[in-house]
Amino acid sequence: MNKKLIEKLKQKAQTVVGEGLGGNYYELDPDEFAKLIVKECLKAIGEDNYSMLTGVAYCTEIKRHFGMKE
């Protein structure tokens with residue numbers, strides 16, 4: 001998997017849940033994380049390719065984008 005991309009999405013999906021002497025405390029917002037993943041999937045496919053790709057091609061392109069092996 002593309003660990004850099006996943007970490008980037010996790011960081012974007014964090015929300016502040018408290019403050020302390022060490023700074024803010026963050027928690028992963030699972031809904032926001034899921035939305036970001038979907039946006040990345042759509043970005044991987046691209047609007048130009050939308051009508052030309054089949055279901056199998058969608059899966060292949062999404063797996064490639066996230067660095068997953070078959």
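This report walks through the fold, core and contacts of one predicted protein model.

## Model and confidence

The model is predicted, so local features need pLDDT of at least 70, side-chain atom pairs count only at pLDDT 80 or more, and totals for chains, interfaces and linings use all residues. Residues are numbered from 1 along each chain as its sequence is written, and side-chain values use heavy atoms, with hydrogens and water left out.

The score pLDDT is the predictor's confidence in each residue, from 0 to 100. Its mean for the protein is 82. A value of 70 or more is reached by 83% of the residues. Confidence is highest in H1, at a mean of 95. It is lowest in H3, at 76. Where pLDDT is low, the predicted coordinates should not be read in detail.

## Overall fold

The protein has 3 helices and 2 strands. Both kinds of element are DSSP runs, numbered from the N terminus: helices are H or I with at least four residues, strands are E with at least two. Along the sequence the pattern reads α-β-β-α-α.

Contact means heavy atoms within 4.5 Å. Take the contacts between residues at least 6 apart in sequence: 38% of them join residues at least 24 apart. The accessible surface comes to about 5,700 Å², by the Shrake-Rupley method with a 1.4 Å probe, where for residues only the protein chains shown count as cover. Carbon and sulfur atoms hold 56% of that surface.

## The strand pair

Strand S1 covers residues 14–20, and strand S2 covers residues 23–28. They pair in the antiparallel sense over 6 bridges. Pairing requires that DSSP finds at least two bridges between two strands. A hairpin of 2 residues links S1 to S2. Across the pair, Thr15 stands opposite Glu27 in S2. In a regular strand the side chains alternate between the two faces of the sheet.

## Core and burial

Of the 70 residues, 17% count as buried. Buried means under 20% relative accessible area, exposed means over 50%, and partly exposed lies in between (1.4 Å probe, protein chains only).

The largest nonpolar core holds 8 residues: Leu5, Ile6, Leu9, Ala13, Phe33, Leu36, Cys41 and Phe66. H1 and helix H2 (30–45) are the elements that give two or more residues to this core. Such a core is a set of buried Ala, Val, Leu, Ile, Met, Phe, Trp, Tyr and Cys residues joined through side-chain atoms within 4.5 Å. Beyond its neighbours within four places in sequence, Cys41 contacts Ile62 and Phe66.

Glu40 lies in helix H2. Its relative accessibility is 11%, so Glu40 counts as buried.

Glu61 sits in helix H3, residues 55–65. At 22% relative accessibility, Glu61 is partly exposed. Leaving out neighbours within four places, Glu61 is in contact with Ala44 and Ile45. Glu61 and Cys41 are 20 residues apart in sequence, and their C-alpha atoms are 8.5 Å apart in space.

## The salt bridge

How many salt bridges does a search of the whole structure find? The search finds 1. A salt bridge is a side-chain nitrogen of Lys or Arg within 4 Å of a carboxyl oxygen of Asp or Glu. Here the side chains of Glu7 and Lys10 meet, at 3.3 Å from N to O.

Glu7 and Lys10 are 3 residues apart in helix H1 (residues 3–12), so about one helical turn separates them. Glu7 is partly exposed, at 39% relative accessibility. Lys10 is also partly exposed, at 30%.
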